[in-house]
Amino acid sequence: MATDQSAEVPGAIRLMVKVWGAFSALLSIGFGVFVMITVTPICLAAGAIMVTSGLMVLTLEAPVLCFKIEAFAKLSKWVEDHVRFWIRAFIYLCFALLPFVMCRELSTFIGSGSVMVTAALYGVMAIGKKGQATSQSKPNDDDVEMKESLVDSKGDPKELGSPS
């Protein structure tokens with residue numbers, strides 16, 4: 001369950017990521033509609049994917065904005081409790097990369113880029129304190145250079161490669 005992982009991330013950071021997720025979803029929907037006003041069918045499809053991904057992110061990150069449909073609140077709560085951060089990051093990244101690969105316009109970059117930032121924030125939350133724990137661990141005992149004496153018995157620097 002993702003509850004263990006959610007417990008080690010401070011509530012303020014989770015709230016910040018959810019607020020950014022809702023904002024990026026609104027950007028994705030808005031720019032997706034703008035991208036759909038085009039003559040090329042690939043950009044039309046990319047815009048439709050942007051609108052779909054924006055609605056998905058909005059449903060999962062800010063069910064308050066969809067308060068008329070109770071199922072969205074239940075779905076959001078279930079995702080919050082059961083889906084790990086790195087899985088959400090991967091899903092959001094896939095939904096954000098697809099429109100950008102299909103149609104390279106500035107509006108596609110802004111709309112999909114905001115969802116990519118949400119994916120990156122979830123990726124950082126997935127790393128959590130693990131990155132901090134490795135930097136505070138004891139030094140590696142196999143480090144020959146640290147075990148080797150760098151000065152001789154008189155206090156003069158040793159020549160590299162000279163025997164003790």
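Predicted model: local features only at pLDDT ≥ 70, side-chain atom pairs only at ≥ 80, totals over all residues.

## A buried charged pair

Glu-80 has a relative accessible area of 17% and is therefore buried, since the cut-off for that class is under 20%. The side chain of Glu-80 meets that of Arg-88 in a salt bridge, with a nitrogen-to-oxygen distance of 3.3 Å, and Arg-88 also counts as buried, at 3% relative accessibility.

Five salt bridges are found when the whole structure is searched. Among them is the one between Lys-18 and Glu-61, whose closest N and O atoms are 3.7 Å apart; because Lys-18 lies in helix α2 (residues 11–36) and Glu-61 in helix α3 (residues 41–61), this pair ties together parts that are 43 residues apart in sequence. Lys-18 is partly exposed at 21% relative accessibility, whereas Glu-61 is buried at 4%. A network of salt bridges links Lys-18 and Glu-61 with Glu-80 and Arg-88.

Lys-74 and Glu-70 form another salt bridge, with their closest N and O atoms 3.8 Å apart. These two residues are four apart in helix α4 (residues 70–82), which means that about one helical turn separates them. Lys-74 is exposed at 56% relative accessibility, and Glu-70 is likewise exposed at 56%.

## The two sides of helix α5

Helix α5 (residues 85–102) has 18 residues and should span 26 Å at 1.5 Å a residue, which agrees with the 26 Å between its end C-alpha atoms. Its buried residues include Arg-88, together with Phe-85, Ala-89, Tyr-92, Ala-96 and Pro-99; they cover an arc of only 110° around the axis and so lie on the same side of α5. On the face turned away from that buried side are the exposed residues Trp-86, Phe-90 and Val-101.

Terms used
Residues numbered from 1 in each chain as written. Heavy atoms only, no water. Expected span 1.5 Å × (residues − 1). Buried < 20%, exposed > 50% of the residue type's maximum accessible area, 1.4 Å probe, protein only. Arc of directions from axis to C-beta. Salt bridge = Lys/Arg side-chain N within 4 Å of Asp/Glu carboxyl O.
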